[in-house]
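Trainee: Could we go through this model together? I would like to start with the charges.

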Amino acid sequence: MLPAHFARSGRPLIWGHRGASFDAPENTLAAFELAREQGADGVELDAQRCASGEVVVLHDDSLARTAGFAGLIVETPWSVVRTLDAGAWKGDRFRGERVPLLAEVFEAFGHLVNVELKCDAADDRGLTAEVVRMIRAAGAGERVLLSSFNPLCLLRARALAPGIPRAMLFEREQRWVLRSGLAAPLLGAAALHPEHVLATPERVGRWRRRGYSVGCWTVDDPQAAAGLFRSGVSGIITNRPGMMRTAFGGQG
């Protein structure tokens with residue numbers, strides 16, 4: 001199970017998925033600040049290394065969708081990434097928002113942070129080690145949860161920083177052994193983060209009996225969130241944290 005400060009009484013802990021990404025450009029400081037204003041307990045974000053090695057906050061392999069630049073992040077140096085506009089696609093009010101460094105998020109945002117280690121390959125190009133180094137440099141170990149679809153990243157995190165809790169991400173399109181959560185003990189995971197359609201009451205009950213916290217993604221329907229909470233899910237990852245807080249009465 002996760003430490004007690006990763007849970008709330010009477011409602012699920014609410015993570016802003018890439019920030020308040022329904023209302024603001026995802027994975028930007030504006031989205032994270034808006035999530036805080038809307039009452040999110042923390043934010044979920046995606047961490048990758050760009051070509052020059054800096055850890056940036058970006059979901060896609062490419063910069064095209066959110067920054068209008070037809071380049072892969074692994075092939076684009078920070079000197080270029082930092083010049084791109086990652087907010088204009090969401091509206092004029094966000095024009096000029098940048099792809100942030102993970103270090104900037106830790107400095108600007110003092111709440112809980114769920115850092116997804118974004119890597120599909122066996123070789124993570126030092127991503128996990130660099131993220132751990134940055135967490136320690138920021139003194140953020142008590143408020144960070146590391147998550148990944150890649151079990152090798154979680155194994156590295158366990159070896160490098162066993163005290164930072166880890167969550168195993170999985171989805172319906174994965175092979176059964178991964179989407180069942182069976183690998184979690186090997187990874188030393190404290191939590192399971194399934195795609196919400198996999199979180200049936202039977203499975204959630206089984207996962208909880210095995211000692212895991214359960215957080216589901218991506219849930220924007222308050223009724224679905226309430227049903228998941230009743231089944232034992234303790235965390236909701238949502239694009240609309242303000243609406244979700246209102247649905248649970250704003251308590252806690």
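Trainee: How far apart are the mean positions of the positive and negative charges?

Mentor: In this predicted model, the mean positions of the 30 positive and 28 negative charges of the protein chain are 7 Å apart. Lys and Arg count as positive and Asp and Glu as negative, while His and the chain ends are not counted. The place of a charge is NZ of Lys, CZ of Arg, CG of Asp or CD of Glu.

Trainee: And the limits of the model?

Mentor: Local features need pLDDT of at least 70 and side-chain atom pairs count only at pLDDT 80 or more, whereas totals for chains, interfaces and linings use all residues. Residues are numbered from 1 along each chain as its sequence is written, and side-chain values use heavy atoms, leaving out hydrogens and water.

Trainee: Next, what share of the residues is buried?

Mentor: Of the 252 residues, 54% count as buried, meaning under 20% relative accessible area with a 1.4 Å probe, protein chains only.

Trainee: Which way do the residues of strand E7 point?

Mentor: Strands are DSSP runs of E with at least two residues, numbered from the N terminus. In E7 (residues 191-194), Ala191 and His193 point one way and Leu192 and Pro194 the other, and all are buried. In a regular strand the side chains alternate between the two faces of the sheet.

Trainee: Which strands pair with E7?

Mentor: Strand E6 (residues 166-170) runs parallel to E7, joined by four bridges. Strand E8 (residues 213-216) also pairs with E7 in the parallel sense, over two bridges. Pairing requires that DSSP find at least two bridges between two strands.

Trainee: What are the bridge partners of Ala191?

Mentor: Ala191 is the bridge partner of Ala167, and in E8 its partner is Ser213.

Technical notes. Buried means under 20% relative accessible area, exposed over 50%, partly exposed in between (1.4 Å probe, protein chains only).
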